[in-house]
Amino acid sequence: VWVAGDPPVAFAYADWLDGRLHLHQIAVHPSYVRQGIGSALMARVISAAGSAGVKLTTFRDVPWNGPWYEKLGFRELHELTPALAALVEAERGLADLGPRVVMYRNST
């Protein structure tokens, strides 16, 4: 877990899954968006992942989700490992809120 601000205004939570760092959640308080805080947190996550890279699941079309990750170099991942496929299945209910996508970014 990485936290920004004192008191905290943003955080990122990641854990290892199938040999890559999996970003479970990144959030910035609405009063602090568009100030580079989320991008700085993501840089820390990417750095922590090293050569293993970072993967995540997110909403494809929500501007601060899929499109934002694409701007940061993430690309759609189509081949899922068994553990990642199980995670996607566990999140299946979220698809009722909009299309979901699995994304990956290597360290470079």
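By class, the lining of the largest pocket comprises 15 nonpolar, ten polar and four charged residues (Ala, Val, Leu, Ile, Met, Phe, Trp, Tyr, Cys and Pro count as nonpolar, Asp, Glu, Lys and Arg as charged, and the others, Gly among them, as polar). The model is predicted: local features need pLDDT of at least 70 and side-chain atom pairs count only at pLDDT 80 or more, while totals for chains, interfaces and linings use all residues. Residues are numbered from 1 along each chain as its sequence is written, and side-chain values use heavy atoms, with hydrogens and water left out.

The volume of this largest pocket is about 780 Å³. Of the 29 lining residues, Ile26, Trp64, Asn65, Trp68 and Tyr69 are the closest to its centre. On a 1 Å grid over the protein atoms alone, a pocket is an open set of points where a 1.4 Å probe fits, with protein on both sides within 12 Å along at least five of seven lines, and lining residues have an atom within 4 Å of a point. Grid points are joined across faces, edges and corners, and the volume is the space filled by probe spheres set on them. Two or more lining residues come from each of β3 (20-28), α1 (37-49), β4 (54-59) and α2 (66-71); β3 gives the most, with seven residues. Helices (H or I, at least four residues) and strands (E, at least two) are DSSP runs, numbered from the N terminus.

Turning to the sheet, six strands form an open arrangement with mixed pairing, in the order β1-β2-β3-β4-β6-β5. β1 and β5 (75-76) are the edge strands, each pairing on one side only. Two strands pair if DSSP finds at least two bridges between them; β1 and β2 run antiparallel and are joined by three bridges. Tryptophan 2 has alanine 12, in β2, as its bridge partner.

Some backbone details also deserve a look. Most residues other than glycine have a negative phi, and most peptide bonds are trans. Aspartate 6 and proline 7, however, are joined by a cis peptide bond with omega of about 10 degrees, and proline 7 sits in the loop between β1 (2-4) and β2 (10-17). Aspartate 18, in the loop between β2 and β3, has a positive phi of about 55 degrees. Arginine 34, in the loop between β3 and α1, likewise has a positive phi, near 60 degrees. Aspartate 18 is partly exposed, with a relative accessible area of 39%, whereas arginine 34 is exposed, at 85% (exposed means over 50%, buried under 20%, partly exposed in between, with a 1.4 Å probe and protein chains only).
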